[in-house]
Amino acid sequence: MSEIPLTYADAGVSIAAGNALVRRIAPLARATARPGADAELGGFGGFFDLKAAGYIDPLLVAANDGVGTKLKLAIATGNHATVGIDLVAMCVNDLIVQGAEPLFFLDYLASATLDSDVAATVVAGIADGCRIAGCALIGGETAEMPGMYAAGDYDLAGFSVGAVERGQQLSGDRVAPGDVLLGLASSGAHSNGFSLIRKLVERGGARLDRPAPFDIEMLLGDALLVPTRIYVRALLPAIRAQRISALAHITGGGLLENIPRVLPAGCHAHVDAGAWPLPPLFAWLQAQGRIEPSELARTFNCGIGMVLAVAPSHVDALIADLTAAGETVHVIGRVEPGVRGCTVAGADEVWSARGAWVATHNA
């Protein structure tokens, strides 16, 4: 038995490096302060004052999520600046669909050995996402776990809490046949379907450090890492004015699985695949993998990151307001009587043709 004294650092964990990282990221957290939270780091937990935030009779809503294997692309390219935005977006977009304003956020970053530069870059992205969403970064955890992760790998998880005044929450019970379906454009694949995307990139021999086959103005790696769009600020005014019947965040499960989650019994969503242009990224993926349109609609957002069910009387004004807020809005379908579910009509013809066009023009 060795008589040499061992330390935690000998096992691969540096307490000093962790403390230095907290000092380094503390200004990033302070920059996300908002009414109700001072966003100071270092305690055992973070406080939030609902009264200071202006709530009278609030319901709390919680959400947690990760970034998935999109992180593999960040690691492969060395571009860690935007996956923190993805992390925040995946949580806060799930809160806004309940009608809740995101209040605060906490993150969890785990790796084999702490790389302070990478960690600080990731947390800076998280702080960016919090500022976009209007929520405070009030805490988190950075874990070093030698033997759990391969060298250079890391994982992210996030947790957010929001609030909505009692009676203003969105549960889908207001949706009725005749409601119009509006789609807000996505910024790309967001943070879903990347296991398939990486497989298609690998199988096709595409290079992350070369121009994207579907957009020669961007490197493929950069095009795939475009961060998830955060819809919170654009949607909050309409939610509070009670002009939206329901919202569906289009994440894993795509259009086909997510829209029915906010429909009551007796309502069926009919979506017209020709109502918006299938973005070149998805057309390229469809062509690369010969993906059936139904599989495309079940795996990816296909260019629509958020779907709104809206009473016809609110449609025109809502489109104008959302457009003014910077969103690209498409009328993509309607709620009709029927078995709860979703049909994407015309996908076989429209999306297959689009994929064939992209494949031909990039051969």
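Student: What kind of model is it, and how are residues numbered?
Tutor: It is predicted, so local features need pLDDT of at least 70, and side-chain atom pairs count only at pLDDT 80 or more, while totals for chains, interfaces and linings use all residues. Residues are numbered from 1 along each chain as its sequence is written, and side-chain values use heavy atoms, with hydrogens and water left out.

Student: Let's start with S191. Where does S191 lie?
Tutor: In the loop between strand 5 (180–185) and helix 5 (194–204). Helices (H or I, at least four residues) and strands (E, at least two) are DSSP runs, numbered from the N terminus.

Student: Is S191 buried or exposed?
Tutor: Buried, because its relative accessible area is 9%. Buried means under 20% relative accessible area, exposed over 50%, and partly exposed in between, with a 1.4 Å probe and protein chains only.

Student: Which side chain does the side chain of S191 make a polar contact with?
Tutor: That of D86, at 3.2 Å. A polar contact is a pair of N or O atoms within 3.5 Å; within protein, one must be able to donate a hydrogen and the other to accept it, and residues adjacent in sequence count only if both atoms are side-chain atoms.

Student: What else is S191 in contact with?
Tutor: Leaving aside neighbours within four places in sequence, S191 is in contact with V67, K70, M90 and T228, as well as D86. Contact means heavy atoms within 4.5 Å.

Student: New topic: helix 4. What span should helix 4 have?
Tutor: Helix 4 covers residues 116–133, so its 18 residues should span 26 Å at 1.5 Å a residue. Its end C-alpha atoms are 25 Å apart, which agrees. The expected span is 1.5 Å times one less than the number of residues.

Student: What caps the N-terminal end of helix 4?
Tutor: D115 does: a side-chain oxygen lies 3.1 Å from the backbone nitrogen of D117. Just after helix 4, G134 takes a positive phi of about 80 degrees.

Student: Which residues of helix 4 are buried?
Tutor: Among them are A119, V122, V123, I126 and A133. T121, also in helix 4, is partly exposed because its relative accessibility is 31%.

Student: And what does T121 touch?
Tutor: H80 and A81, not counting residues up to four places away in sequence.

Student: Back to strand 5. Is V180 buried or exposed?
Tutor: V180 is in strand 5 and counts as buried, at 7% relative accessibility. Not counting residues up to four places away, V180 touches several residues, including L308, V310, P312 and R334. V180 and C267 are 87 residues apart in sequence and 12 Å apart in space, C-alpha to C-alpha.

Student: How many cavities of 30 Å³ or more does the structure hold?
Tutor: One. The largest cavity has about 30 Å³ of space. Its lining includes S187, H190, F194 and L281.

Student: What counts as a cavity or a pocket?
Tutor: On a 1 Å grid over the protein atoms alone, a cavity is a set of points where a 1.4 Å probe fits but cannot get out. A pocket is an open set with protein on both sides within 12 Å along at least five of seven lines, and lining residues have an atom within 4 Å of a point. Grid points are joined across faces, edges and corners, and a volume is the space filled by probe spheres set on the points.

Student: How much space lies in the second largest pocket?
Tutor: About 310 Å³. Of the 20 residues that line this pocket, the closest to its centre are D94, V97, Q98, H249 and R261.
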